[in-house]
Every structure is written in structure tokens, then in C-alpha cells.
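Colleague: I would like to learn how to read a model like this. Could you take me through it, one feature at a time?

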Amino acid sequence: MEFDTLEILKDLAIILVAAKLCGLIVRKLGGPQVVGEIVAGLLVGPCVLNFVDYNGFIAGMAEIGVILLMFSAGLGTDLKELIKTGPVALLIAVAGVVVSVAGGAAIYLGFGFGTADSAMLEAIFMGTILAATSVSITVQALKEMGHLKGKVATAILSAAIIDDVIGIVLLTVVIGFKNPDIQPINVCFNIVIFFALAFILGFILYYLFKWLDKRWPHSRRIPIFGLVLCFASAYCADKFFGIADITGAYVAGIVLCNIKDSNYIERKMDVSSYMIFGPVFFASIGLQTSFDNFNLSMLWFSIALVAVALVTKVIGCGGTAKLCRFNMSDSLKIGVGMMNRGEVGLIVAKEGLDAGLMAPQFFAPVIILIIVSSLATPILLKLIYSKWPDKHIDETCGQAEKIAENENILSQEVVGATYNITENEFQK
């Protein structure tokens, strides 16, 4: 497909300036910058001003943006904490999926949608859309607030990755009932093979990068090779195993999170992500919004769908976290952190649309869900963290204050001793 170079340059200029201006405004108002970038996409897209169309080039840039974001999230992950929270994350993810699917199916059937022959299958598919968690916006919000590391953030990231895997299996099973050419058993087998290979190759690649890091420490070739691994993992996950490319990118980040220059790689990735790819991705959510053929019935269904989608994740994921001995505030953080449906929800909806499991008019409510959850998640996380700060961060800050205080006392003692010595020397 050919693109007009001048049109691309115009679109990028509009998106970037709108994203940064809206991001700064929202930040001045006390909200996360990512919210402003999503609003920017709404303003410049077909929904309001229609300055920019969502085309293949923008979609590709947005996909790179979310891949880089998930790679950075993997690089910033505490691997020990990830292993520690793995079983708990599995329970949180499963509970979130079960409650969301049940809620989505119930709301679809409650409004009387669907034909007699396939109403239940379509209802389960609507629940599958609600089951998919998109963690990218949550990651960006936690990163902006300085809470990307720690037990809560790791639990959210781990559960979201597991959630994506469950969602892929569930989507394939539902489509399998509609399309007999797709075999759900083969997909489950591919997923198992992917993670087995990721575990084995991960060890080999870790020691390879450890050797490279020792031979050329803090050199630019390390981030370049890391980026190659990120893109290759994302490609292989999707192309050969049918797993979301963002899962492959996150796994690549996990492989490199324990080498010495992991923070250096992460900083280099953040430059590209912050400058261009990140804003394009978040703005693309707004760009895809259109309300053609949207009637009153769809409006009420959209409101109900959004409410059910948000509440089911808080109940399923947050409630399970509480049962797993997280305190109430941390459980709420996990539930809210899992509320967002971004690009994963769009992918699931698009697959269902192509497979005939969802009528075109239902795409607008899904878009509204994605926009509302994308806006609500970072705002609510900011409010929750401001009321109940992360203990890990507080302890770190407390230790830093003690160190600073001790250094101040020590410097005063040194200055005093130096003054006394100087005075004695003067008297002599």
C-alpha cells in the first residue's frame, strides 16, 4: 500500500503537537499526560476536527509505540518479584477473565441482541472483548507516577500478560465454534511451545547479552541489539505462535531486565517512545473513534457495557487480590490497573467483526469502552496512589531522607572540625 509522504509528515506534525499540548494541559490540571494524548486523538480525528485519518502508516507507528512501551515495562520489571507473584497473578487473571466474560455476556443478552441461533455465542464473544486487558496505558501511568516497580505493579503486569494469553485462547475457541478451520487445541499447543522456547532461549540470550555488556559496557550497541531482540520477539510471537506481539516484546524485556545496563537500555527506548511512537499510539485510540449510525439504543448499551467492564475487573481482579492477602488499598490498585481495554480490545473486536461474531454497529460501543477505560484508569490510579501511597516508595524515600540527614550531619561535623583545626593553626 502506497502512502503520500507529504500527507504523512502533515499527520505526524498535527498528532505530535496536539498530543504534547493536550498532555501538558492535562498534566497542569494534575492528571497523567497519557490522558491528554488520547484526548488529542479525539480532537484531531474524525470524531471532532477530522484533521487526521487513521491509516495504515499511523497504525504501524502506533503498533511500534505499544511494542516499545511493553519492552520498557519488561526491562523495568523486578524478576524476583515477578516469580514471587506469578501464582497470585495467575489467580487474579483467571478471576478477572471469568467475571468479565460473565458480565459481558449477561449485558448483551439482557439488551436482547443477537439472533436465536447464535445469540449465546455472540454474547460470549462480547464477554471475551471485556476479558482482554490492555496494560500499556496502565504502564505509562505508573511510570509517570514513579510506581512501575514494586509488588503491586508487578502483579498488574504479570496478571495482564497471563490475561492476554487466556484471552487469545478464549478468542480462538469462540471463533473455532464459528469457523471450523481454526483448531483451539493447536492454539493452546502453540502457546505452550512459545513460553517453553522463551524460557530456554531466554537463558541463552541473557548470558549472551551479559557477555556483550561486559565486553562493551554502556555502549550504544547494547540498546541497538536489545531493540533487535524486542522486534524479533514481537514478530515471532505473532507470526509463528499466534500470540500478541506485545507479549513477545514484554518477554524480551524480561530477558534483559537483570543485565547491568538494563536501565541504560530502558532510557534509550524511552527517548524514541516519548518523542514520537508513544504519542502516536495513544492518539491513535482517539483517531479510530467514529459515531456513524449511533442511535439511542446503542448509547444505553454503551453506558451499560462500560459500567460492567470497569466493575467486573475491579471485582474479579481486586477481589481475588484481597483473597490472596493483599491489603485493601493494594487490591483496589490492582483491580483499577486491570480495568483498561486498549489495543487488545480493538484487536479482539476486529477479529470478531471479521469472523461474523459481531455486527458493525457494536464497534462504536467497544470504541467508547476503550476510550473511557483508557481515560479512567490513569486518573483513578493517580487518585488512589495519592490517597494510599506505595509503602515501598515511602520506605525508599524515608531511607533517602535519613541518608541525606546523616550526610548533612557528617558534612557539618567535617566543616566544624576543619574550622577548629584552622583556628588552632592560626593561633599557633
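Modeller: Start with one residue. R325 is exposed, with a relative accessible area of 78%. The rule is this: buried means under 20% relative accessible area, exposed means over 50%, and partly exposed is in between (1.4 Å probe, protein chains only). This is a predicted model, in which local features need pLDDT of at least 70, side-chain atom pairs count only at pLDDT 80 or more, and totals for chains, interfaces and linings use all residues. Residues are numbered from 1 along each chain as its sequence is written, and side-chain values use heavy atoms, with hydrogens and water left out.

Colleague: Where does R325 lie?

Modeller: R325 is in the loop between α12 (296-323) and α13. Helices (H or I, at least four residues) and strands (E, at least two) are DSSP runs, numbered from the N terminus. Check the backbone too. R325 is not a glycine, yet its phi is positive, at about 75 degrees.

Colleague: Which other residue has a positive phi without being glycine?

Modeller: Look at N50. Its phi is near 60 degrees, a positive value, and N50 is not a glycine. N50 lies in the loop between α2 and α3. N50 has a relative accessible area of 45%, so it counts as partly exposed.

Colleague: Now a helix pair. At what angle do the axes of α1 and α2 cross?

Modeller: Axes are lines fitted to C-alpha atoms, for helices over the stretch in contact, and angles run from 0 to 180 degrees between N-to-C directions. Helix α1 covers residues 5-28 and helix α2 covers residues 33-44. Their axes cross at roughly 135 degrees and come within 7 Å. Angles under 35 degrees are roughly parallel, over 145 roughly antiparallel, 65 to 115 roughly perpendicular, and the rest oblique. So α1 and α2 are oblique to each other.

Colleague: Which residues of α1 and α2 meet?

Modeller: On the α1 side they are I14, A18, A19, K20, C22, G23, V26 and R27. On the α2 side they are Q33, V35, G36, E37, A40, L43 and V44. By class, that contact has nine nonpolar, three polar and three charged residues. Ala, Val, Leu, Ile, Met, Phe, Trp, Tyr, Cys and Pro count as nonpolar, Asp, Glu, Lys and Arg as charged, and the others, Gly among them, as polar.

Colleague: How do α1 and α3 pack?

Modeller: Helix α3 covers residues 56-75. The α1 and α3 axes are 11 Å apart, at an angle of about 50 degrees. That makes α1 and α3 oblique to each other. I8, D11, L12 and I15 of α1 make the contact with F57, I58 and M61 of α3. The classes there are six nonpolar, no polar and one charged.

Colleague: Is K333 buried or exposed?

Modeller: K333 counts as buried, at 1% relative accessibility. K333 sits in helix α13 (residues 328-337). Leave out residues up to four places away in sequence, and K333 touches V152, I156, L381, I384, Y385, W388, P389 and D390.

Colleague: And T138: buried or exposed?

Modeller: T138 has 0% relative accessibility, so it counts as buried. T138 belongs to helix α6 (residues 136-145). Beyond its neighbours within four places in sequence, T138 is in contact with I156, G337, N340, T377 and L381.

Colleague: What does P217 touch?

Modeller: P217 touches L212 and D261, again leaving out residues up to four places away. P217 and D261 are 44 residues apart along the chain, but 7.4 Å separates their C-alpha atoms. P217 lies in the loop between α8 (184-215) and α9 (221-241). P217 counts as exposed, at 53% relative accessibility.

Colleague: Last one. How many disulfides does a search find?

Modeller: The search covers the whole structure and finds zero disulfides. A disulfide is a pair of cysteine sulfur atoms within 2.5 Å. Two cysteines are worth a look. C230 is buried at 0% relative accessible area, and C317 is buried at 0%.

Note on methods. Contact = heavy atoms within 4.5 Å.
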